[in-house]
Amino acid sequence: MRAVEFHEYGGPEVLKVVRAEIPEPGPGQVTVDTAHAGVNFADLKARADGYRVASLPHRPGLEVSGRIRAVGEGVEGLRPGQEVVALLDGGGYAQVAVADAATVFPLPEGLDLRTAAALPTVLPTAHALLHEVGRLRAGESVLVHGAAGGIGTVAGQLARAAGAGAVYGVVSSPAKAGHARDHGYDAVFTADSFPVGVRRATGGRGVDLVLDPVGGDTLRTGLDVLADFGRLVSFGNASGAPPWHVGQPELAARGHSVAAFSVLALARSAPEALRRLAERAFRTVTDGTVRLPVTAEFPLSDAAGAHRLMGSRTSTGKLLLRTAD
């Protein structure tokens, strides 16, 4: 089979197409003949900085759609030939991928394999950020960083469907603002202007919930634009800034709280909780609440092109690799 790996860290050029043996599933695992693989910022961080890479060579890819090829010992409820989506711990940039059965889901009704490849990381993450962790209530206001990306595109729609009083987005450039507005956002600010924009839009009150994948100074500023009793949920550190800590002295004065979420960490520590979350989240697509815009698709052989586009910070929506060719 063909797969994409990197043997050293660096730019997109280190991604190489290789020939590899077709894997076999171990106990509790399945193998999937993949149709599409999602491209995520975590893949870029792995390639450039070694994020979540145990050793080299490394095969990126955290989500795929396709058909089950084989099932391992002890697997129940899944069968060869079944169309599925899967959340992986890596290895999705390949024509055959190995997945733990606990994070493999039957293809939701009414979806094709191309659209469904965008589900496994984006939908559960966006749903958890707003509901399970962020505890959004009807009438509250939300500020989402990365509003034109895959998670941001979904979060805007989910917030609107939940009855948010106002949904504000932050994008890296004005060119992305239109995409965000088309997916649930009332107003969109650029990264350098959002503190002033939020205060103006809310009459100085601030927002009830901030969703932040950036970290660093952006996270600090997010705390500054929270309303009284507001919540901030961190779900990444795209800035690469050193971790920092906030505690009771900074939070107590206005009743602020900070939480965090990682769908990959949840998959490792509480797979049954992930299954329940994913089932709730996937229903928002099958019932028409959420649209999943796949804005660019690349052949497996051009995974580097997908990384270049995402790394340019000009992409919107979800990027996919076509792995079945």
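Predicted model: local features only at pLDDT ≥ 70, side-chain atom pairs only at ≥ 80, totals over all residues.
Visitor: Strand 9 next, please. Is it buried or exposed?

Guide: Six of the six residues of strand 9 are buried, so the strand is largely enclosed by the rest of the structure. Both of its faces are covered. A166, Y168 and V170 lie on one side, V167, G169 and V171 lie on the other, and all are buried.

Visitor: How many bridges link strand 9 and strand 10?

Guide: Strand 9 pairs with strand 10 in the parallel sense over four bridges. In that pairing, V171 has T190 of strand 10 as its bridge partner.

Visitor: How many are there between strand 8 and strand 9?

Guide: Strand 8 and strand 9 are joined by five bridges, again in the parallel sense. V142 stands opposite V167 of strand 9.

Visitor: What unit do strand 8, helix 4 and strand 9 make?

Guide: Strand 8, helix 4 (residues 150-161) and strand 9 make a β-α-β unit, and the unit is right-handed.

Visitor: What about strand 8 and strand 11: how many bridges?

Guide: Three bridges connect strand 8 (residues 141-145) with strand 11 (residues 207-212), and the sense is parallel. The bridge partner of L143 in strand 11 is V210.

Visitor: At what angle do helix 3 and helix 10 pack?

Guide: Helix 3 (residues 119-133) packs with helix 10 (residues 271-286) at an angle of about 100°, and the axes are 8 Å apart. The two helices are therefore roughly perpendicular.

Visitor: Which residues make that contact?

Guide: Helix 3 contributes L119, P120, L123, P124, H127, A128 and E132. From helix 10 come L274, L277, A278, R280, A281, F282, T284 and V285. By class, the contact of helix 3 with helix 10 comprises 11 nonpolar, two polar and two charged residues.

Visitor: Now helix 1 and helix 11. How far apart are their axes?

Guide: The axes of helix 1 (residues 41-49) and helix 11 (residues 303-311) are 10 Å apart, and the helices pack at an angle of about 105°. This angle makes helix 1 roughly perpendicular to helix 11.

Visitor: Which residues meet there?

Guide: F41, D43, L44 and R47 of helix 1 meet H307, M310 and G311 of helix 11. The residues of this contact divide into three nonpolar, two polar and two charged.

Visitor: A change of topic: where is H179 found, and what does it touch?

Guide: H179 is found in helix 5 (residues 177-181). Leaving aside residues up to four places away in sequence, H179 touches A148, T153, P293, T295, T316 and G317. With a relative accessibility of 15%, H179 counts as buried.

Visitor: Which residues does the cis peptide bond join?

Guide: The cis peptide bond joins L56 and P57, with omega about -5°. P57 is in the loop between helix 1 and strand 4 (63-71). Most peptide bonds are trans.

Visitor: R52 lies in the loop between helix 1 and strand 4 as well. What is its phi?

Guide: Phi of R52 is near 60°, a positive value in a residue other than glycine. Most residues other than glycine have a negative phi. R52 is partly exposed, its relative accessible area being 29%.

Visitor: And R135: where does it lie, and what is its phi?

Guide: R135 lies in the loop between helix 3 and strand 8. Its phi is near 55°, also a positive value. At 57% relative accessibility, R135 counts as exposed.

Key: Residues numbered from 1 in each chain as written. Heavy atoms only, no water. Axes fitted to C-alpha atoms, helices over the stretch in contact; angles between N-to-C directions. Parallel < 35°, antiparallel > 145°, perpendicular 65-115°, else oblique. Contact = heavy atoms within 4.5 Å. Nonpolar A, V, L, I, M, F, W, Y, C, P; charged D, E, K, R; others polar. Pairing = 2+ DSSP bridges. Buried < 20%, exposed > 50% of the residue type's maximum accessible area, 1.4 Å probe, protein only. Right-handed = clockwise from strand over helix to strand, strands pointing away.
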